[in-house]
Amino acid sequence: MKKNKQKPDRELVDRSFLARIEPYLYLLPFFLGIAVFTLYPVVNVVLMSFKEDYSYLTREFSQWGLANYDKVLSDPKFAQAVGNTLKYVLLVVPISTLISVIVANLLNQKLRFSALFQTAYFLPMVTSVTAVGLAWKLMYNKNFGIINYILSFFGIDKIPWLENAAWSIPSLVIFGVWNILPFTIILLLSGLQNIDPQYYTAARVDGSGSLRIFLRITVPLLAPTIFLVCIVNTISCFKVFSELYPLFNGKPGPFYNLYTVVYYIRFAMMENRKYGVAAAAAIVLFGFIFVFTMIQRVVQSWMSARKR
Amino acid sequence: MRVVLDHVTKRFADVTAVSEFSATLEDGELVSLLGPSGCGKSTLLNMLSGILPVSGGRIYFDDQDVTGMPPEKRGIGLVFQNYALYPHMTVMGNICFPLETQRVPKAERIERANEIARLVHVDMLMNRKPSELSGGQQQRVAIARALVKNPRLLLLDEPLSNLDARLRLEMREEIRRIQQRTGVTTIFVTHDQEEALSISDRIVLMKAGVLQQNDLPQSLYNEPANQFVADFLGNPPINNLPGTVEDGAFVAADGKARCALPMLAGVENGRNVNLSVRSESFVLDENGPMACEVTRVYQMGKEEMAYLTFGGTDFRAYIDSEEGLRKGDAVRLSLKRRGVFLFDRETGERIR
Ligand SMILES: Nc1ncnc2c1ncn2[C@@H]1O[C@H](COP(=O)(O)OP(=O)(O)OP(=O)(O)O)[C@@H](O)[C@H]1O
Ligand SMILES: [Mg+2]
C-alpha cells in the first residue's frame with residue numbers, strides 16, 4: 001500500500017525535474033557556442049590585459065599588474081588613435097543619421113521609382129566592405145577617379161583624396177557614412193512604417209506643410225528609433241578598421257596618420273607581438289564605448305521625461 | 001459658411017464610393033450624414049476636407065470653388081473617427097498645434113487653447129498626454145483641436161462610436177451645445193439614427209454612395225422619399241406588407257386578405273407594392289378595413305406591443321393596453337394618416 005502510494009509521487013517529481021531542465025538542454029548547444037567563442041575570449045582578454053610581459057606562445061608572464069595600461073595610456077600613438085576614432089565617430093554618426101532620416105523619409109513616400117532607390121541604397125549592405133573599399137579607392141584616385149572627374153565639371157581642382165593627410169579624414173568619413181547608411185535606413189524605415197499615417201493627415205488638415213509635418217510629427221515620433229540608430233552606429237564606428245584597410249593599402253592613412261583604436265590593437269598584436277598591450281587597449285576601447293552608450297541613454301531618458 | 005456640393009463623385013479602382021452627390025449646407029447648420037457602413041460617408045467627408053481628391057463634380061465654400069484646394073488651405077476642423085491626437089504632445093500641445101501653423105504668437109495660442117479647453121471641459125487636463133486620457137476626454141480634446149483655429153467648417157466622423165452608451169448621450173448634447181455656441185457649420189457623420197435625429201438641424205441619408213433624402217429630421221421620419229429611408233429610420237422598424245393593388249384596395253400576398261384604403265384611389269391595378277406602416281399608426285377599430293389575427297402580445301409600459309398577422313404577413317403594432325388583447329383574438333384595424341406609406345416593390349419609390 002505504502003509502496004503504491006509513493007511510486008506515482010516519485011514519478012511526478014522526476015518528470016517535473018526533467019521538464020524543468022528540458023528547455024536548458026535545448027539551449028545548451030547555443031550556450032556552448034557562446035561560451036567558447038565569446039565568453040572565453042572576453043574573460044581571457046580581460047585577464048591578459050593585467051598580465052605583464054605576456055608571451056602568447058609560452059603563456060608565461062612576469063607578474064599581474066597595470067603595466068600594460070600604463071604603456072597604452074602613455075603612448076602618443078594611442079592618444080592619436082583615440083583622437084582619430086573620436087573624430088570619426090563624431091562625424092560619421094551625426095552625418096549618417098541625418099542623411100538616413102531624410103532618405104528613409106523619402107523612401108517611405110510612395111515615389112515613382114522607390115523600388116529603384118531602395119535597391120540603390122541597400123546595395124552596400126550585401127557587398128563586402130573590403131571589396132567596396134577597393135572600388136572607392138579607385139573612385140578617389142586623384143588623376144583617374146570618377147569623383148575628381150565629376151568635380152571638374154564644377155571647376156574644382158583635383159583633390160588628393162588619399163594622398164594628403166588633411167583630405168584622408170574626409171575621404172574615410174564619406175566612405176564610412178556610405179557604408180553605414182543602408183543598415184541605418186532599414187532601421188529608420190521600419191520605425192517610419194510604425195507611424196500611423198492618420199497623424200500626417202491630421203497635421204495637414206491642421207494646416208501644416210510637408211516641412212512642418214516632418215519636423216513636428218515625423219521626427220518626434222521617430223525619436224526612439226533615431227536613438228537606437230545612434231547607439232548602434234556609435235558602437236560600430238568606434239570599431240572602425242575595415243573601412244580603413246582597403247583605402248590606404250593596409251596602411252592607417254597615407255602617412256600613418258589615421259591610426260584608429262582597433263588599428264592600434266591590431267598593430268600591437270600582429271607587428272609588435274605585445275598581446276598584453278593590445279588587450280589593455282581593447283579594454284580601454286570598451287570603456288569608451290560603454291561611456292558613450294551610457295551618455296546617449298541618459299540623454300534619451302532625460303528627453304523623453306522632459307516631453308511628458 | 002455655406003457649403004455646396006455639386007455632383008460630387010468619388011471612384012476607387014473598382015467601386016464608386018460616392019456618386020453624383022449634390023447638397024447645400026446653410027451657414028451655421030448642423031447636418032448629420034447618416035447611412036449604413038460602407039455607404040461613402042467618410043469618403044464624402046475626406047473630399048470636403050481635401051484629403052481625397054474628387055473624381056468628378058465641384059465643391060464650393062460660400063462662392064469659392066475649393067475643389068482643387070489642398071487640405072491645409074481649406075481652414076477645416078476635422079475630428080477623426082479614432083481622434084488621431086498626436087501621441088507625443090500634451091493636450092495643450094495638441095490644441096495649440098493648428099495655431100502654430102497659423103503663426104499665432106505663443107501667448108495668444110495658450111490663451112486661445114485654454115479658452116477652448118474650458119468650453120469642452122478639458123482645461124484641467126492640459127498637461128496630460130493623450131494616452132493618459134479616457135475615450136471621452138480624448139474626444140473632447142479632438143473637438144477642441146478642431147475648433148481652436150475657428151474653422152469655417154467642422155467635420156466630425158463618427159466621433160461617438162468608441163464611447164459607452166451614457167457618455168455618447170452626454171457627448172452628443174455637448175457637441176450640440178458647442179456647435180450652437182460657436183455657430184460653425186458642422187457635418188456630423190453617424191450610422192446611428194437616434195443620434196442623427198436628436199442633434200441635427202437636417203439629415204442627409206445616403207446609401208451605396210447615392211443621396212437618398214436631405215431633409216429635416218421629422219420629415220425624414222414622417223415623409224420618407226423611398227423604401228430605404230422608411231426602413232432605415234424608426235425603432236421598431238417599419239412594417240412592410242407586400243401585396244398588389246386592385247380597384248383601390250390592397251390585396252395581401254396570400255391573394256385573399258384585402259382592405260380598401262383611400263390612399264390607393266389613383267394607383268393602377270396590378271402594381272406590386274409594399275404597404276408600409278409604422279407600429280404607432282395602427283388603431284383598433286371595429287369598422288376598420290384590416291381584419292387581422294393577434295399572435296402575441298407584449299406588455300410595454302402603458303402600451304402593448306401586439307404581434308399580428310394580415311394575409312400571411314406578420315407585423316407589430318402599439319395598442320392601448322386597456323383593450324386587453326389576447327393571443328388568437330380576431331381584430332379589425334384602421335390606419336392613421338401619419339406613418340402610412342405606399343412604395344413600389346420593384347423600384348422602392350414612394351407612390352403618392
Ligand atoms: N482607399 C480606398 N480604396 C478603395 N475603396 C475604398 C477606399 N476607401 C473607401 N473605399 C470604399 O468606398 C466605400 C465607402 O467607404 P467609406 O469609408 O466612405 O464608408 P463609410 O460610410 O464611412 O463606412 P463606415 O460607416 O463603416 O465608416 C466602401 O465600399 C469602401 O470599401
Ligand atoms: Mg467611415
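This is a predicted model: local features need pLDDT of at least 70, side-chain atom pairs count only at pLDDT 80 or more; totals for chains, interfaces and linings use all residues.

Biologist: Which residues is Gln63(A) in contact with, leaving aside its neighbours within four places in sequence?

Modeller: One residue can be set apart by distance: Trp167(A) is 104 residues from Gln63(A) in sequence, and their C-alpha atoms are 44 Å apart. Leaving aside neighbours within four places in sequence, the residues in contact with Gln63(A) are Phe50(A), Lys51(A) and Glu52(A).

Biologist: Is Asn68(A) buried or exposed, and what is its relative accessible area?

Modeller: Asn68(A) has its place in helix α2 of chain A, residues 67–74. Not counting residues up to four places away in sequence, Asn68(A) touches Met48(A), Ser49(A), Phe50(A), Lys51(A), Glu52(A), Gly276(A), Val277(A) and Ala280(A). The cut-off for buried is under 20%. Asn68(A) is therefore buried, with a relative accessible area of 3%.

Biologist: Which residue has its backbone oxygen 3.0 Å from a polar atom of the side chain of Asn68(A)?

Modeller: The residues that Asn68(A) touches include Ser49(A) and Phe50(A). The backbone oxygen that lies 3.0 Å from a polar atom of the Asn68(A) side chain belongs to Ser49(A).

Biologist: How far apart are the C-alpha atoms of Tyr263(A) and Leu244(A)?

Modeller: Tyr263(A) is found in helix α11 of chain A, residues 261–271, and counts as buried at 2% relative accessibility. Leaving aside neighbours within four places in sequence, its contacts are Phe241(A), Leu244(A), Tyr245(A), Gly250(A), Lys251(A) and Pro252(A). Tyr263(A) and Leu244(A) are 19 residues apart along the chain, and their C-alpha atoms are separated by 8.8 Å.

Biologist: Turning to chain B, what share of its residues count as buried?

Modeller: Chain B has 9 helices and 21 strands, and its C-alpha trace spans about 75 × 45 × 30 Å along its principal axes. Among its contacts with a separation of 6 or more, 65% are accounted for by residues 24 or more positions apart. Of the 352 residues of chain B, the share that count as buried is 55%.

Biologist: Why does the span of helix α6 of chain B agree with its number of residues, and what is the distance between its end C-alpha atoms?

Modeller: Helix α6 of chain B covers residues 165–182, which is 18 residues. At 1.5 Å a residue, the helix should span 26 Å.

Biologist: Which elements do the buried residues of α6(B) pack against?

Modeller: At the start of α6(B), a side-chain oxygen of Asp164(B) reaches to within 3.0 Å of the backbone nitrogen of Arg166(B); just after the helix, Gly183(B) takes a positive phi of about 65°. The buried residues of α6(B) are Met171(B), Arg172(B), Glu174(B), Ile175(B), Arg176(B), Ile178(B) and Gln179(B). In chain B, the elements they pack against are β3, α4, α5, β7, β8 and α7.

Biologist: How many salt bridges does the rule find across the interface of chain B and chain A, and which side chains meet in one of them?

Modeller: The contact takes 23 residues from chain B and 17 residues from chain A. About 2,000 Å² is buried between the two chains, with carbon and sulfur atoms giving 56% of that area. The rule finds 5 salt bridges across the interface. In one salt bridge, at 2.8 Å from N to O, the side chains that meet are those of Arg204(A) and Glu72(B).

Biologist: Which element gives the largest share of the side of chain B that touches chain A?

Modeller: Between the chains, 10 residue pairs are in polar contact. The elements of chain B that give two or more residues to this side are α2, β6 and α3. By class, the side has 13 nonpolar, 4 polar and 6 charged residues. The largest share, 4 residues, comes from α3(B).

Technical notes
Residues are numbered from 1 along each chain as its sequence is written. Chains are lettered from A and ligands numbered from 1 in the order in which they are written. Side-chain values use heavy atoms; hydrogens and water are left out. Contact means heavy atoms within 4.5 Å. Buried area is the accessible area (1.4 Å probe) that two parts lose on being put together, summed over both. A salt bridge is a side-chain nitrogen of Lys or Arg within 4 Å of a carboxyl oxygen of Asp or Glu. A polar contact is a pair of N or O atoms within 3.5 Å; within protein, one must be able to donate a hydrogen and the other to accept it, and residues adjacent in sequence count only if both atoms are side-chain atoms. Ala, Val, Leu, Ile, Met, Phe, Trp, Tyr, Cys and Pro count as nonpolar, Asp, Glu, Lys and Arg as charged, and the others, Gly among them, as polar. The expected span of a helix is 1.5 Å times one less than its number of residues. Buried means under 20% relative accessible area, exposed over 50%, partly exposed in between (1.4 Å probe, protein chains only).
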